[in-house]
Every structure is written in structure tokens, then in C-alpha cells.
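Please keep the sequence and the structure open while reading.

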Amino acid sequence: MNGERRPDGGGAAVAVGEQIRRRRAQRGMSAAELARRAGLSKATLSGLEAGTGNPTIDTLDAVAVALHIPLTDLLARDTDSGPVRVPATVASQDEPTRELLRRVGSGHSLELWRLRMPPRTGLAGVPHAPGTVEHLLIASGAVAAGPGDDVRELTPGDLLAFAGDRPHSYRTGDQAADIIVVIASPVVG
């Protein structure tokens, strides 16, 4: 194509390169600094940002880690898909059901999950990155949730926000629970 960009914006390699360049600029990081943090040569990073590289998943993961963003943010194309509807699903009657409803990228690290738990079940929350805050909104049922040293009893309409970078848990009693979980992780610049 003699250096011309495709009408669709240049394909996946160009889209990834644009994301890397944008995220690096948002953090005020030089190309040399990002290459150093990711363990890449400056030439390799330059090729990635130009959209001429053909990186492995490991290479993209190293860049994402160095930028403190989820790997999927590098693969996202900035297009407005319009309204997004996530159809309801049927929950398991025997074990907790977790569904990622939406990840908000473009410089944010925000995830929206649905957690549905049958009666008399427990779930241990794995600590997230430092500075992460979990927000729980109880849609129905009842649950005891929160960090290990400060578990709270929650009922429909209750909201609980707590440090998600520590061990935490969720446990239902005699009722099933439907919980909206928003995980907000800091974007380190």
C-alpha cells in the first residue's frame, strides 16, 4: 500500500500503535522510558507505535504492565459503538455466577460486574492492584461482604465501597443475592 493508511484506520497493528502512543503521552512518559520499563528496545517500541510491528501477546502484555493498564485497553479501537445492551442471563442455582458487564477503557480502569450468589454460599475476593476500590450495590437478596476485618450486612439498595486491594469476602445466608460490583483501579501515570 506504499505507506498509505487503509480506509478503516490502518488495521489492528495501527490501532494498537495508536493506543500505545496515546497511553504513553497521557502518562507523560518518553518512548525511551516506556521501552525501558517494558524491557523492549527503543526500535521495537518505535515499530509498535508506528503500527509496523507484529508483536506477540507477551510483548503487548509487557507494554500494558509498564503503562499500568489492562492488556485489553491496547487492543481496543476508539470507535463509538453506540448504546451497549447486555442481555440478562440465567444464574446458576448451585454456585456464584460472575459476569463482566462492561470495561470502560480509554485511560480509565473501571469494570462493571454482576455477581449472583445462591443461598448459603461464600466467595473469597482476590486482592486487586494497590489503590483499587470495590463498590457493591445490592440489587436483591442479602449478603455479608467487605474486607476481612470489616464485613457488613447488606440488603437491597445498600451500597458498600471498600479497599479492594486487601483480602475481602462475600457470603449469603438463606437468601440468594444479586450484586452489581464496580471495580475502580487507579491509572498510574
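Predicted model: local features only at pLDDT ≥ 70, side-chain atom pairs only at ≥ 80, totals over all residues.

I69 is placed in the loop between α4 (57-67) and α5 (71-75).

Which residues is I69 in contact with, leaving aside its neighbours within four places in sequence? The contacts of I69 are R23, R27, A64 and L74. I69 can also be placed relative to P186, which lies 117 residues apart from it along the chain. The C-alpha atoms of I69 and P186 are separated by 9.2 Å.

How many salt bridges does the structure hold? The count is seven. One of them joins the side chains of E33 and R36, with an N to O distance of 2.6 Å. Both E33 and R36 belong to helix α2 (residues 31-38), where they sit three residues apart, about one turn of the helix. A network of salt bridges links E33, R36 and R37.

The two ends of the E33 and R36 pair fall into separate accessibility classes. E33 has a relative accessibility of 22% and so counts as partly exposed. R36, at 57% relative accessibility, counts as exposed, because the exposed class begins over 50%.

## Salt bridge between R114 and D178

R114 pairs with D178 in a salt bridge whose closest N and O atoms are 3.9 Å apart. This pair links distant parts of the chain, as R114 is in strand β2 (residues 110-117) and D178 is in strand β9 (residues 177-184). R114 and D178 are 64 residues apart.

Is R114 buried or exposed? R114 is classed as buried, because its relative accessibility is 18% and the buried class covers values under 20%.

## Salt bridge between R152 and D150

R152 and D150 form a further salt bridge through their side chains, at 2.9 Å from N to O. R152 has a relative accessibility of 41% and so counts as partly exposed. D150, with a relative accessible area of 33%, is partly exposed.

How values were computed:
Residues numbered from 1 in each chain as written. Heavy atoms only, no water. Salt bridge = Lys/Arg side-chain N within 4 Å of Asp/Glu carboxyl O. Helix = DSSP H or I, 4+ residues; strand = E, 2+ residues; numbered from the N terminus. Buried < 20%, exposed > 50% of the residue type's maximum accessible area, 1.4 Å probe, protein only. Contact = heavy atoms within 4.5 Å.
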